[in-house]
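Welcome, and please load the model in your viewer. Have your selection tool ready, and we will walk through it stop by stop.

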Amino acid sequence: MNRTDRLYALVEELRAVSPRPRSARWLADRFEVSTRTVERDIAALQGCGVPIWAEPGRTGGYVVDRSHTLPPVNLTATEAVAMAVALHRLAGTPFAVAGGTALRKLLAVLPAADAADARLLAGRVLLVGDGPATSVPAVVADAVAARRVLRLRYADRSGVSSAREVEPLGYLGNDRHWYLLAWCRLRAGLRCFRTDRIVGVEALPERVTREFSPADLDVPAERVRRLTLV
C-alpha cells in the first residue's frame with residue numbers, strides 16, 4: 001500500500017471506530033508499517049486539518065472526530081481537478097490557505113483509485129501565473145472571520161501612511177486586488193482598504209457588531225455580486 005492510500009485508509013479506520021481510540025501499535029500492525037511511520041502519517045493528517053488527537057493512557061490511542069470528517073466522497077477525477085483549478089485563483093485572497101486545506105481534506109477521503117486518477121489528470125494541466133499579485137495579511141483575514149476590530153497603518157496611493165481603527169465588515173475582490181471593507185472610525189464611514197497598502201496591522205479584543213449592505217458601496221449595483229455557496 002502506498003502512502004496516499006494508507007493516509008486515506010487511516011482516516012477511514014479511525015472514523016469506523018470513533019469515538020474509540022486505535023493505538024499506534026494496532027494501526028502499525030493493521031497496515032504492516034512501523035509505529036514511527038504511523039506517527040508520521042498521523043502528524044501529516046493533523047497538519048492538513050484532519051481532527052485527530054491522541055487519548056493518553058494504557059488503553060488510549062488516536063481518535064478522529066467523526067462530525068468533522070467526511071465519508072468517502074463521490075467526486076470524479078475531473079471534478080476534483082476542477083476544484084484545484086478554481087483554488088489556483090485564490091492566490092493572494094483571504095481564503096488561499098483555507099482553500100488548500102479543504103482540497104487536501106477532500107483528497108484524503110476520496111477513494112484511492114479516484115484520488116490517483118485525479119493526480120494523473122492534474123499533472124496534465126499547466127497554469128501560467130500565480131493569480132492576483134496582492135495578498136491579504138493573515139491578521140486581517142482572521143479578524144474578519146472572528147469579527148475583531150483592527151488597528152491599521154495604511155498607505156494611500158501617494159505612500160503617505162495614517163493610523164486608524166477600523167471595524168472589519170467583509171471583502172471586495174476583483175482579479176487584480178482585494179479590499180478590506182470596514183467602518184473607519186477616523187472617517188466615520190464605510191471605506192475600502194486595498195490590502196497590499198496595509199503596512200501594519202494589530203487585532204484588538206473589541207468585537208464588531210456593525211453590518212453592511214452592498215447598497216452601502218459607491219459601486220454600481222450591476223457590478224457587484226454577493227458570493228453564495230450554491
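This is a predicted model: local features need pLDDT of at least 70, side-chain atom pairs count only at pLDDT 80 or more; totals for chains, interfaces and linings use all residues.

Residues are numbered from 1 along each chain as its sequence is written, and side-chain values use heavy atoms, with hydrogens and water left out.

**Stop 1: a glutamate**

Select Glu13, which sits in helix H1 (residues 3–17). Helices here are DSSP runs of H or I with at least four residues, strands are E runs of at least two, and both are numbered from the N terminus. Is Glu13 buried or exposed? Glu13 counts as buried because its relative accessibility is 14%, where buried means under 20% relative accessible area, exposed over 50% and partly exposed in between, with a 1.4 Å probe and protein chains only. Now show its contacts (heavy atoms within 4.5 Å): leaving out residues up to four places away in sequence, Glu13 touches Arg22, Trp26, Leu27, Arg30 and Phe31.

**Stop 2**

Next, select residues 77–88, helix H4. Ala77, Ala80 and Val81 are its buried residues. Look down the axis of H4: these buried residues fall within an arc of 95 degrees, so they line one face of the helix. The arc is taken from the directions from the helix axis to the C-beta atoms.

**Stop 3: a hairpin**

Move to strand E1 (residues 52–55) and strand E2 (residues 61–64), which run antiparallel and are joined by 4 bridges; strands count as paired if DSSP finds at least two bridges between them. Pick Ala54 and you will find Tyr62 of E2 opposite. Among the 5 residues between the strands, Gly57 takes a positive phi near 105 degrees.

**Stop 4: the open sheet**

Finally, colour the 5 strands ordered E6-E5-E4-E3-E7, an open sheet with antiparallel pairing. Its edge strands, E6 (189–194) and E7 (198–207), each pair on one side only. Zoom in on E4 (residues 161–173) and E5 (residues 178–184), joined by 7 bridges. Leu172 has Tyr179 in E5 as its bridge partner. Helix H7 (residues 138–146) packs on the sheet, touching strand E3 (148–155), E4, E5 and E7. The direction of H7 makes about 65 degrees with that of E4, using axes fitted to C-alpha atoms (for helices over the stretch in contact) and angles from 0 to 180 degrees between N-to-C directions.

Note on methods:
The expected span of a helix is 1.5 Å times one less than its number of residues.
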